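Grab the sequence and the model, and let's walk through some of the packing.

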Amino acid sequence: MPVLLPSSRPRGRSERAGASRASHHAVVIAGGGPTGLMLAAELALAEVDVAVVERRPDQELVGTRAGGLHARTIEILDQRGVAERFLREGQVTQLAGFAWTRLDIGDLPTRHAYGLALRQSHIERILADWVEELAVPIYRNSEVTGFVQDATGIDVALSGGKTLRANYLVGCDGGRSLVRKRAGIDFAGSDPTLSNLMAEVEMRDEPVWGLRHDAIGFHGLSKAESGRVLVVVTEATLDRTGEPGLRDLSDALVAVFGTDFGVQNPAWISRFTDAARQAVSYRRERVLLAGDAAHIHHSVGGQGLNTGVQDAVNLGWKLAQVVRGIAPDGLLDTYHAERHPVAARVLRNTMAQIAMLRRGEAGLRAARDVVSDLLAMEEPRKRFGAMMSGLDIRYDLGEGHELLGRRMPDLDLIVDGYPQRLFTLLHGAQALLINFGKSGGFDIVSRADRIRVINASHDGAWELPAIGQVAAPEAVLVRPDGHVAWVGDESQRGLEDALIIWFGSAAAA
């Protein structure tokens with residue numbers, strides 16, 4: 001079997017004579033964008049042998065791509081102790097919005113009641129640095145070209161004739177995902193109805209700054225970080241496809257503004273549409289999908305990158321437990337069950353926004369005004385703000401306390417007599433059983449390798465975004481992704497069932 005040496009090696013691994021152990025990994029990730037890098041970090045924290053296959057020689061990106069992180073994504077990074085790396089380089093702002101109506105989430109109950117304006121190129125670089133610290137190997141200048149599954153694993157073919165052996169393959173390889181196509185997973189949804197160009201350029205003439213709507217669609221001209229002009233313009237037709245050029249941009253500007261403002265010297269030009277598609281299944285045997293490989297939609301609202309990163313955090317700890325033999329293979333089915341509805345909701349709200357934005361007719365202008373007035377009201381603003389920022393996501397774990405299935409708040413705790421933030425307890429990506437009642441009431445020694453018991457107290461209200469105050473529980477089981485898997489008391493009713501579902505039986509310890 002040919003061997004392709006990665007740019008770094010997993011921790012604690014060495015080569016054997018005649019072959020490199022790097023040719024076998026527990027998990028291979030196709031694609032080193034934000035989703036793939038976040039998943040690699042999650043698996044590395046769980047001490048799983050993971051490798052990334054990335055076609056680019058480095059993390060350099062051409063174009064703007066995604067432009068920020070929403071509140072829940074910042075929380076997730078905070079859960080892993082790396083949020084400050086991103087906050088130092090970005091600009092804190094009220095990023096959430098719906099159909100270009102800004103939603104101020106500053107009063108929602110979270111330490112990160114804001115978004116972070118930070119370009120994808122910076123996000124990827126910071127994630128890549130973290131992944132390098134975790135000693136995850138990245139096979140650069142290479143792409144997955146195919147794979148063959150069998151009863152014990154999957155052979156992953158790379159460009160250049162190389163092959164890797166793995167237990168699982170995760171496709172994080174974008175909207176045109178080869179992994180998804182080769183797995184035979186349908187990508188159901190709608191074809192594009194509009195095409196946008198985005199570019200960073202120079203203009204000889206002073207442009208018409210700001211946003212506008214007309215019969216063609218929606219458009220915006222603003223100043224980029226570089227001092228150039230950032231252009232977003234809807235093309236008059238869907239006739240042009242492929243890699244756009246300066247002529248395409250000039251024609252689109254003339255159709256809208258009657259002039260191209262002397263557009264010149266583009267740093268980059270990209271084309272994107274409102275095609276909305278979602279994989280009908282996020283898993284087929286040993287192949288899983290995450291990020292754009294699982295769902296695509298228009299960029300309005302800035303939800304794509306954030307949804308992908310959150311996919312990775314939901315999948316990572318589950319895949320780690322299956323690989324390590326802690327939990328049965330069926331745990332992976334909960335990844336689709338939980339994340340597919342989340343992305344379906346993103347597709348719906350994105351399509352709704354585009355329907356309101358795309359034309360300048362009087363009826364749609366009136367509808368936008370009505371929605372804008374509605375979102376200025378207290379409760380709608382909070383609910384839509386929580387939705388667009390990802391803070392209201394709830395996985396369906398059945399009936400029970402309002403916390404069940406939702407993100408655990410980052411409470412100020414007292415642990416062993418010392419103040420401690422709850423999120424700091426999640427830095428190692430380990431589950432938590434937090435007892436707020438009488439100390440010593442919980443004994444899960446048989447699962448001590450996967451769950452940490454914390455005796456804590458919290459003096460203050462419990463409040464959830466879009467829900468408000470909820471009753472303080474006596475005990476909670478918090479999964480590594482920060483979502484609550486069980487709420488109860490010292491009677492421990494239902495706890496063992498939750499432990500078996502999410503963390504395997506005690507006999508597996």
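## Before you start

Keep in mind that this is a predicted model. Local features here are held to a pLDDT of at least 70, and side-chain atom pairs to 80 or more.

## Helix α7 and its partners

Two packed helices are described by the angle between their axes and the distance between the axes. Let's begin with α7, which spans residues 304–323, and α8, which spans residues 333–357. Their axes come within 10 Å and cross at roughly 170°. Angles over 145 degrees count as roughly antiparallel, so α7 is roughly antiparallel to α8. On the α7 side, the contact uses T307, Q310, D311, N314, L315 and K318. Facing them in α8 are T334, Y335, E338, R339, A343 and V346. Sort the residues of this contact by class and you get four nonpolar, four polar and four charged.

Now take α1, residues 34–45, which packs against α7 at an angle of about 25° with the axes 8 Å apart. The cut-off for roughly parallel is under 35 degrees, so α1 is roughly parallel to α7. The crossing of these two helices is right-handed. From α1 come P34, T35, M38, L39, E42 and L43. They meet a set in α7 that includes L305, V309, A312, L315 and L319. Here the class count is eleven nonpolar, three polar and one charged. L315 turns up in the contact with α8 and also in the contact with α1.

## Aromatic rings

The structure has seven aromatic pairs. One of them joins Y282 and Y335: the ring centres sit 5.6 Å apart and the planes are at 50°, so this pair is tilted. Y282 belongs to the loop between β18 (276–279) and β19 (283–284), while Y335 is in helix α8, so the pair links parts of the chain 53 residues apart. Both Y282 and Y335 are buried. Y335 is also among the α8 residues that meet α7.

Elsewhere, W317, W502 and F503 form a cluster through ring pairs.

## A covered helix: α2

How many residues of α2 are buried? Nine of the nine in this helix (residues 71–79) are, so call it mostly covered. The buried set takes in charged-class side chains, including R72, E75 and D78, along with I74, I76 and L77. What covers them includes the helices α1, α3 (83–87) and α7, plus the strands β3 (68–69), β7 (115–117) and β23 (418–421). Just after α2, G81 takes a positive phi of about 80°.

N167 lies in strand β11, residues 163–171. Beyond four places in sequence, N167 touches H24, H25, A26, G153, I154 and R286. D129 is 38 residues from N167 in sequence, and their C-alpha atoms are 26 Å apart.

D274 is in the loop between β17 (263–273) and β18. With 11% relative accessibility, D274 counts as buried. Setting aside neighbours within four places in sequence, D274 is in contact with P192, T193, L194, H298 and I354.

Methods
Residues are numbered from 1 along each chain as its sequence is written. Side-chain values use heavy atoms; hydrogens and water are left out. Axes are lines fitted to C-alpha atoms, for helices over the stretch in contact, and angles run from 0 to 180 degrees between N-to-C directions. Helices (H or I, at least four residues) and strands (E, at least two) are DSSP runs, numbered from the N terminus. Angles under 35 degrees count as roughly parallel, over 145 as roughly antiparallel, 65 to 115 as roughly perpendicular and the rest as oblique. Contact means heavy atoms within 4.5 Å. A crossing is left-handed if the near helix is turned anticlockwise from the far one by less than a right angle, and right-handed if clockwise. Rings of Phe, Tyr and Trp (its six-membered ring) pair if their centres lie within 6.5 Å; planes under 30 degrees apart count as stacked, over 60 as edge-to-face and the rest as tilted. Buried means under 20% relative accessible area, exposed over 50%, partly exposed in between (1.4 Å probe, protein chains only).
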